[in-house]
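Reader: I have a model open and would like to go through it with you, a bit at a time. Could you keep to what can be read off the coordinates?

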Amino acid sequence: YTASGIGPTAANPSAPAGAPERYVDFPGGTLPPGVTLTEAQAINALKAIGENLKAQGLTHRDVISMRAYLSNPPGADVADFAGWNRAYRQFYANTDLVTGKVVDVPLGSAPPAKPMLVNPARPARVTIEIENLPVNGWLVEVEVVAAFRRH
């Protein structure tokens, strides 16, 4: 399964069209402490990917490759790689390879806690900073490749 061009959904109708805040799906469009716009959009996009995977009979655990494109948040000189990585860890690579136990991960500046989705998968991945994305307000776009399991 290959999905490309998945970005965050417009989940905050109170924000203007084309604004990065439009793609924040936390209640009321309010970011939790320390959560960046990139982190919030990445969580939104990774949830959307999960729904697409589910429709194909797959899960985040089946993802074998991922490519993320990040655009600079308004007023920033560089893309928010730290925010992307925090969001990524909410869905991937959040179990200890030796013990299999869940590894707590941070959300914004909150103390590390149980991830949104426990998943040992560690897909091959690359993250690229680009000048802009195809939808006004997007800071994140993700491509994934997932493999169907043999029965």
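Reader: How many aromatic pairs does the structure hold?
Author: Bearing in mind that this is a predicted model, the structure holds two aromatic pairs. In one of them, the ring centres of W84 and Y88 lie 6.3 Å apart with the planes at 45°, so this pair is tilted. The other is formed by Y88 and Y92, whose rings are stacked, with 5.3 Å from centre to centre and 15° between the planes.

Reader: Why does 45° make the pair of W84 and Y88 tilted?
Author: Planes under 30 degrees apart count as stacked and those over 60 as edge-to-face, so the 45° between W84 and Y88 falls in the tilted class.

Reader: And how far apart are W84 and Y88 in helix α2?
Author: They are four residues apart in that helix, which means that about one helical turn separates W84 from Y88. As a general point, an α-helix has 3.6 residues a turn, so residues three or four places apart point the same way.

Reader: What lies over the face of Y88?
Author: That is R125, which is placed at 3.6 Å from the centre of the Y88 ring.

Reader: OK, back to α2 itself, what covers its buried residues?
Author: The buried residues of α2 are G83, W84, R86, A87, Y88, Q90 and F91, and their cover includes α1, β2, β3 and β4. Just after the helix, A93 takes a positive phi of about 55°.

Reader: How do the strands run around there, parallel or antiparallel?
Author: Strand β2 takes part in both arrangements: seven bridges join it to β4, with the two strands antiparallel, while six bridges join β2 to β3, and those two run parallel. Together with α2, the strands β2 and β3 make a β-α-β unit that is right-handed.

Reader: Changing topic, where is N119, and is it buried or exposed?
Author: N119 lies in the loop between α2 and β3, and its relative accessible area of 2% is under the 20% cut-off, so N119 counts as buried.

Reader: Which residues is N119 in contact with?
Author: Leaving aside neighbours within four places in sequence, N119 is in contact with H60, R61, F91, Y92, A93, N94 and T95. For H60 there is also a polar contact, in which the N119 side chain reaches the backbone oxygen of H60 at 3.5 Å.

Reader: What about E129, what does its side chain reach?
Author: E129, which is found in strand β3, reaches the backbone nitrogen of A79 with its side chain, at 3.3 Å. Not counting residues up to four places away in sequence, E129 touches L70, N72, D77, V78, A79 and F81. With a relative accessible area of 34%, E129 is partly exposed.

Reader: Last one: where is T30 found, and is it buried or exposed?
Author: T30 is found in the loop between β1 and α1, and at 52% relative accessibility it counts as exposed. Between the C-alpha atoms of T30 and A40, which are 10 residues apart along the chain, the separation is 9.9 Å.

Note on methods
Residues numbered from 1 in each chain as written. Predicted model: local features only at pLDDT ≥ 70, side-chain atom pairs only at ≥ 80, totals over all residues. Heavy atoms only, no water. Buried < 20%, exposed > 50% of the residue type's maximum accessible area, 1.4 Å probe, protein only. Polar contact = N/O pair within 3.5 Å; in protein donor to acceptor, adjacent residues only side chain to side chain. Contact = heavy atoms within 4.5 Å. Pairing = 2+ DSSP bridges. Right-handed = clockwise from strand over helix to strand, strands pointing away. Phe/Tyr/Trp six-rings, centres within 6.5 Å; stacked < 30°, edge-to-face > 60°. Lys NZ or Arg CZ within 6 Å of the ring centre and 35° of its normal.
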